[in-house]
Every structure is written in structure tokens, then in C-alpha cells.
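Subject: Structure handover

Hello,

Here is the structure we talked about. Please open it alongside this note. My findings follow below.

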Amino acid sequence: MKLVLSQEQQELRSAVRDFLRAASPLPKVREGYDPQVYARLNGELGLSGLVVPEEYGGAGAGLSELAVALEETGAALLPGPFLATAFAALALTQVPDKELQTGIAEGRIAATLDHTELSYDGGKASGTLAQVLSGGDADVLVAPARDGGALVMVAVELAGPGVTRTALETLDLTRGQARVVLDGAPARVLGPAPETGVFDRLCVALAAEQLGVMRAALDAIVAYAKIRVAFGRYIGSYQGVKHKLADMHCKLEQAESIVRYAAWAADESPEELPGAAALAQAYIGRACFEVARDHLLLHGGIGYTWEHDAHLFYKRAKADEVLLGPPRIHRARLGQLLEL
């Protein structure tokens, strides 16, 4: 088991971090999804193709490398369909499709994945998907569909006929969701739906993003505690603030160990992945929200203002906490796996 990043992974982290600091700082995040930034992210760094096999133009990397990238995009609160495309790419590693995976690797296709089961008949898909991650920004939807008695994965062009997309008003202002209604939309069968493993990989990928949110929130409040003066002292010198920062740091350290372990399990020890994935969301979902909440609280009154960035971290953390089901769902799943 490896819990420490390799030299190549550290270089990947530095490259993504430097790019996002320059191309998508927090003031720009408030402007929403910028397709040009997304295109550069893929054209210059090839991030969407990290887990796409080399034969389809991707890097052929593992979830450990994708987790490094997601940690940085999470820290930057990157708007747009990067996480959704990562979810789709992870599903496609078990349902290979040259056309779609090549498009993702080249940055031409932003995809999204939904678990709502559609109906499929004669090349047409129908169904209502209540909350599709980045559904308004993605080009292609990947979803399971019932074709007679078989469950298959299909791809649907979201800008095509028979598709109605309605943007939803969501808590997280940095990444949208949409209601998608398919009414006889042209669909292409990718192959049989995978039986296991995809959901676990999504849980690990989301946990990596949450780790980045935690890290950025903690770094921001530590920096603030060093310069904010109250009653003649820097607030970082008060014992109550020190204790809170120490608690936040401990949560971050535990979360990092869990993410590194879970990503390693996904790449090297599949039999350990279900438990590791359940643990990741059972713990990190709540821990991320608590760190983002305390980051806001420790800023005092200014943290509650619209102009301050604290609410952006708070809202992303809360949205991520329930994106793949609330922590109680994952705790129950972990208990079942451990036969508790």
C-alpha cells in the first residue's frame, strides 16, 4: 500500500495547481463555467483523459492519478463538467467505447453519468432524470437502460432531438445540475451495464475532490488567523481558535490517508475497494462539510457576506456531502461489508 504520492504524482499536482491558480482563480469561479478554461485544462494538461486507455488517446493512468487532479480542482472550486466527465470516464473503463473515450481524451466531449434507469427501444431512449450533474454543460449522457430483459449502458447526445434540459436552482453556485427529460432521444448502446465497481470508484473520486475542498478551506482560515487582529491580538493566538484549527487539521489528515488508501485499492486491490470506498464517503462527506463550516465561522461576520469566498466552499462541501448519497448510507454499507 502506498499513502505517499510518487514523484510523477507530485509533478501532476503541481502542474494542475499552477494552471488553476492562473486560469481559474476564485474571482473567476464566481463567473461560472468557462468552456475555454475547460478546453485548456484538457488541451494543455489532458486531465479528462487521465483514466482513458492509451489506445484511445488517454494517459492510461489509474484512479490514484485522477484523485490527485480532482483534489486540485476541488481546492480551486473549478466550475463546469470536469467531475461529471471523470465519473463518465470511470464508468467507461468497464464499458469501453472508442468513439466516446477518444472524444473525452481529446477534450472534445464533456460527458456526465447518471444512474437513473432509462427505457430503450429501437435505438431510442426515454426517461426522466431528476438531477444530472453538469447536465446543462455536458455534451453526452451515459446512463443504464433496460433493453428488453437486459440492462445496458447507452450514450445520448444531450443537444440532440428528444432531449429537454432544465437548469436547476442548486445550493452549489459553482457547478450546475439539470433536469433531463428524454422522449425517444437517439441513443447508442455501449455494452452491458457493469455489475460492480463503478459506484465505488465514483465514491473515491468524489472523496478526492472533497479532500481538496478541505485543504483549501483550512489553508485559507490559517492564513486569515495570522493577520486578523481582535482585541489587540491575532486571532490565531487565542486558544479556542487554535483548538478549532487543530481539529480541522486532524480531519484533513485522516481524510488524506483514506483517499490515498481508497485510490490505491481501486488500482491495486479491487477486493478492498468496496470497504475503502464506503469508508471514504462515510467519513469524508461529513468531515469536509464540518471543515468548510468552521472555515466560515472562524472568519466571523465577514464570512457570512456574499462578497467573501467562504460561502462558496460551504456550499460545495454541502452539495458534495449528498451527491452520491448522505454519509449515513455509506456507514450502513460499511457496516454490512464488515458484518457488524
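Ala-287 lies in helix α9. This is a predicted model, so to speak of local features needs pLDDT of at least 70, side-chain atom pairs count only at pLDDT 80 or more, and totals for chains, interfaces and linings use all residues. Residues are numbered from 1 along each chain as its sequence is written, and side-chain values use heavy atoms, with hydrogens and water left out.

**Helix α9**

Helices here are DSSP runs of H or I with at least four residues, strands are E runs of at least two, and both are numbered from the N terminus. Ala-287 is buried, at a relative accessible area of 2%. Buried means under 20% relative accessible area, exposed means over 50%, and partly exposed is in between, with a 1.4 Å probe and protein chains only. Ala-287 is in contact with Met-214 and Lys-251, leaving aside its neighbours within four places in sequence. Contact means heavy atoms within 4.5 Å. Pro-327 is 40 residues from Ala-287 in sequence, and the two are 10.0 Å apart in space, C-alpha to C-alpha.

Helix α9 has 26 residues, 273-298. At 1.5 Å a residue it should span 38 Å, and its end C-alpha atoms are 36 Å apart, which agrees. The expected span is 1.5 Å times one less than the number of residues. α9 bends by about 30 degrees at Ile-284. That bend is the angle between axes fitted to the seven residues ending there and the seven starting there. Just after α9, Gly-300 has a positive phi of about 70 degrees.

**Helix α6**

α6 covers residues 98-105. Of its 8 residues, 6 are buried, so the helix is largely enclosed by the rest of the structure. The buried ones are Leu-100, Gln-101, Thr-102, Gly-103, Ile-104 and Ala-105. They pack against α5, β1 (111-113), β4 (140-147), β5 (150-157) and β7 (177-192). Gly-107 follows α6, with a positive phi near 80 degrees.

**Cavities**

Rolling a probe the size of a water molecule over the atoms shows where empty space is left. The search uses a 1 Å grid over the protein atoms alone: a cavity is a set of points where a 1.4 Å probe fits but cannot get out, a pocket is an open set with protein on both sides within 12 Å along at least five of seven lines, and lining residues have an atom within 4 Å of a point. Grid points are joined across faces, edges and corners, and a volume is the space filled by probe spheres set on the points.

The structure holds 2 cavities of 30 Å³ or more. α2 (26-29) and α3 (35-45) each supply at least two lining residues. By class, the lining has 6 nonpolar, 2 polar and 2 charged residues. Ala, Val, Leu, Ile, Met, Phe, Trp, Tyr, Cys and Pro count as nonpolar; Asp, Glu, Lys and Arg count as charged; the others, Gly among them, count as polar.

The second largest cavity holds about 40 Å³ of space. Thr-73, Gly-74, Leu-78, Gly-80, Phe-82, Leu-83, Arg-175, Glu-209 and Arg-316 line it. α4 (63-75) and α5 (82-92) give two or more residues each. The lining has 3 nonpolar, 3 polar and 3 charged residues.

Thr-73 sits in helix α4. Thr-73 counts as buried, at 2% relative accessibility. Leaving aside neighbours within four places in sequence, Thr-73 is in contact with Leu-20, Leu-78 and Phe-82.

The largest pocket has a volume of about 470 Å³. It is lined by 21 residues, and the closest to its centre are Asp-114, Gln-131, Leu-133, Gln-177 and Leu-323. β3 (124-133) and α10 (310-323) each supply at least two lining residues. β3 gives the most, with 5. The lining divides into 12 nonpolar, 5 polar and 4 charged residues.

The second largest pocket holds about 330 Å³ of space. Of its 13 lining residues, Arg-17, Arg-21, Ala-75, Ala-76 and Ala-216 are the closest to its centre. α1 (7-23), α4 and α7 (198-225) each supply at least two. That lining has 7 nonpolar, 1 polar and 5 charged residues.

Best wishes
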